[in-house]
Structures are given as C-alpha cells and as structure tokens.
Amino acid sequence: MTTNQDHRDSGPDSGKGPEHVEGPQAEPVRIALAGASGFGRVHRRNLERLAAAGRAQLVAVADPAGRPDDLDPAIAWYSSLDELLPNENCAVVIIATPIQTHAPLAELALRAGKHVYLEKPPVASMADFDRVVALLEETGLSCQVGFQALGSHALARIAGLIAEGAIGEPKLITGYGVWSRTAAYFGRSAWSGKRRLGDAVVSDGVATNALAHSVAQALRVAGVDDLDRIRSVRTELYKANLDNESDDTTWIRVEADGALPISIALTLCGPGNDQPPMVSVIGDQGRIDLRYTTDLLTVDRGAGPGDPGQLGRTDLTENLLDHLADGTPLISPFVGHGPYMAVLEAIQSHLPAPLTDGVTVEGSGPDAHPVIKDIEHWAREAADSGTGFTAVGAPWATQAAVADWSPQHS
C-alpha cells in the first residue's frame, strides 16, 4: 500500500535492521503477537488480511489470560513473551499490552533480535523512552508505534493546502475531542485510570491513551518530531471520574522552535461518542479540519466546510513490512515520538484537579459516566483560543489545575 505522506523518518529505527530483506518480499514475514485480546484482536484481523495477501504470517501469540477460543489451532500460544521468543522463529513482534508493559516487552523483543510494532502510547515515561532509544541504536532494529492515524493521506494534503494559501497565514494548530467513557471502561483492567500501579508507572489518561492520537497528529501537522525543539508544555488537568488517578478532561499547549503553537482540549466526560475527534489548522482566512478517525478533511474559508473530502490511509503494519522489505521510511518511528513523550511527562508532572461543579452522572452501574455541562462548547473554546479552560471562563475551571513544564536538555 502506498501513500503520498511526507514521512518524517529520523533516528536509529528508520534504518535497515539485521533482518532487512533486499528486493521483493519472497516469503510472508513471520510475526508474533503479545496481547491477543482487547486491541490485539484488531491486529489479528489485520494480520489475517495481510496473510491472505502473502505479506505476513502470525505464528504465535503470548497472552497470560489464556489461549483465545477463536485462535487458529495452527498458531502457537504461550503465557508470556519470555516463553515465546526462544521457541518461535519470527522477525517481528507486535506488542498490544497494557501501557506499563510496553517498555519491558519492547526491550525483551529487541534484545532477542526482533523488530517491533508497539501500540500507543509508546511507553509510560521519558526514562522508558530513553532506554528503548538506546537499545534501538545498539541493535539497529526498527520500531513502529501504533499511532495509526498518522498513516492518513490527509496529512500530506494539509501541508499542500497550507502551502497553497488556502486559509491565509496559519496561526494555530488545534486538537478537539469529546468522548464518553463509562465505569465499565475504567473497571476493565487494574491499570485503567491509573497514573501508577504499585511500582510501575502507567500514565493512563485522556491525552495519553484514549485520545492520544490527537496529540500525535497535531505534532505531526506541526512538523515536530525532535524533542530538542520543544520549548514548553502547559497543561490544565481535571478528573470528573473521582475514583480515578488519571486526568479525563485536559487542555495542552505546546510551544516548539520553528513551529506553530499547538492547543488541544480533550475530555472523556462528554454526552456521548457521536463526534469524531478533530485536528485543525486555523489561519487568518479560514481553517482546515481533519476528523482523524474517519480521515475526513474539510476546508472552511468562511462559506462553510468544503473540499477535499474523504482521504485514504496507509496501514502501519503494512508500512513496517515495506520498511523491512525495501527500506520504505517508517511512518511512525519510535524515535520520532520524543515530543509526544514530552507532553506525557508534562501531564505526569502534576495531579489533575477533582471536578464536581457542573458535573452530572448519567446511567447507572457499569454504564454510569460523568458528563460535564456544556463541555463541547468549553473544549472548543479552550482549543481554538489557544488559552485553555480557565482563560476562556469555563465555570468549573481553576488556575490551580494549570502547570508549566519544560524539558531538561543535556
């Protein structure tokens, strides 16, 4: 599958690893999957598609929950990746497991000489990120991060529209997401809604998990893939799910050298999930809006949304296979997500403020979920103003929820 995406491909995992195959792919790439349930089911379906095309073969899964009932009998099952790796011949390991396990499992696979596809968020802390980057440099292997929305062909089109002057002079990149998550969602696992789980850093939250694509997509539109360019990250964090540790309603502003400012407002306390989250570029003569879950791109020049419409997407697993076969640049290389990790670190640097004013609980039992009054309006204002919830006068907002963070460059 090809794309016109302007890939940003820097760092050690953009090169050819030891298992790079020159020329056309002669045999399906043997793949192991850590985490066969949850989002692992999405990977299993995609691998079935790639197997039918002769591109990939799922040879084994590792899942401590047990062998999935619907797993093909020809595919081996192991209770852990530790057990799988010495027993299976595979070139790639896909990791679709809880956030706090991403770094140790990626390190395990890389030390075993395997290329890695790592689900988002990449890892739970900057310390984890630095360790994995060092290991990628040591091994020369490749790691793709599963920010699948980065495969959207809309990104190249956005760059073209800006260059054409479609919205005049661009001023601000924004992200907007209003979703709803129930008690059942947060009760599905021990780590959900947690900042830490025992000694492990988890870093769950609206911007670091459920709507993490908004952050990664905005950074990509801004052209920021190098941590050294990040000057500051301002965050405004709240939690209306009072039993949780993590933020569920968040505003983020990122300032980076040579890039437009980024302003993102996200919540899991909306009235429903009908609104696709959006990344936008606001100019002095209009705006470009990308509904990134559907790859729908619209341009508003003051007369209402218009072209260019629906665009396609490059599958990131297929892109990784192309990378291994002929050196095609990775769309979402691990080392390019240093700026995303800066946002994660900024969020983890202070606690979210509990939010009760203006909050009602809808549903009951496992379907119960908090809804913040008029959150669609306030999230839109916070994002598009570039100033946050408190600055635009959201009645429940407080300056105590705002904090500034800057990376410490060595």
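Colleague: Which strands does helix α1 lie across?

Modeller: Helix α1, residues 40-52, lies across β1 (29-34), β2 (56-62), β4 (92-95) and β5. Its direction is at about 155 degrees to β2. Helices (H or I, at least four residues) and strands (E, at least two) are DSSP runs numbered from the N terminus. Angles, from 0 to 180 degrees, are between N-to-C directions of axes fitted to C-alpha atoms, for helices over the stretch in contact.

Colleague: Before I read too much into it, what kind of model is this?

Modeller: A predicted model, in which local features need pLDDT of at least 70 and side-chain atom pairs need pLDDT 80 or more, while totals for chains, interfaces and linings use all residues. Residues are numbered from 1 along each chain as its sequence is written, and side-chain values use heavy atoms, without hydrogens or water.

Colleague: Back to the sheet. What is the strand order?

Modeller: The order is β3-β2-β1-β4-β5-β6, an open sheet of six strands with parallel pairing. Two strands count as paired if DSSP finds at least two bridges between them.

Colleague: How far are neighbouring strands turned against each other?

Modeller: By 25 degrees on average, with direction ignored.

Colleague: And how many bridges join β5 and β6?

Modeller: Three, in the parallel sense, with β5 covering residues 115-118. One of the bridge partners is Gln 144 in β6, which pairs with Tyr 117.

Colleague: Which strands does helix α9 touch?

Modeller: Helix α9, residues 316-326, packs on the sheet and touches β1, β2, β4, β5 and β6. Its direction makes about 165 degrees with that of β5. Contact here means heavy atoms within 4.5 Å.

Colleague: Now α3 and α4. At what angle do they pack?

Modeller: At about 10 degrees, with the axes of α3 (102-111) and α4 (126-139) 10 Å apart.

Colleague: Which residues make that contact?

Modeller: From α3, Ala 103, Glu 107, Leu 110 and Arg 111 take part. From α4 come Asp 128, Arg 131, Val 132, Leu 135, Leu 136, Glu 138 and Thr 139. By class, that contact of α3 with α4 has five nonpolar, one polar and five charged residues. Ala, Val, Leu, Ile, Met, Phe, Trp, Tyr, Cys and Pro count as nonpolar, Asp, Glu, Lys and Arg as charged, and the others, Gly among them, as polar.

Colleague: Changing topic: how much space lies in the largest pocket?

Modeller: About 920 Å³. On a 1 Å grid over the protein atoms alone, a pocket is an open set of points with protein on both sides within 12 Å along at least five of seven lines, a cavity is a set where a 1.4 Å probe fits but cannot get out, and lining residues have an atom within 4 Å of a point. Points are joined across faces, edges and corners, and volume is the space filled by probe spheres set on them.

Colleague: Which residues lie nearest the centre of that pocket?

Modeller: Gly 38, Phe 39, Ala 96, Thr 97 and Trp 191, out of 36 lining residues. The lining of this largest pocket divides into 17 nonpolar, 13 polar and six charged residues.

Colleague: Last one, the backbone. Where is the cis peptide bond?

Modeller: Between Lys 120 and Pro 121, with omega about -10 degrees. Pro 121 sits in the loop between β5 and α4. Separately, Asp 295 has a positive phi of about 60 degrees although it is not a glycine, and it lies in the loop between β14 (286-291) and β15 (296-300).
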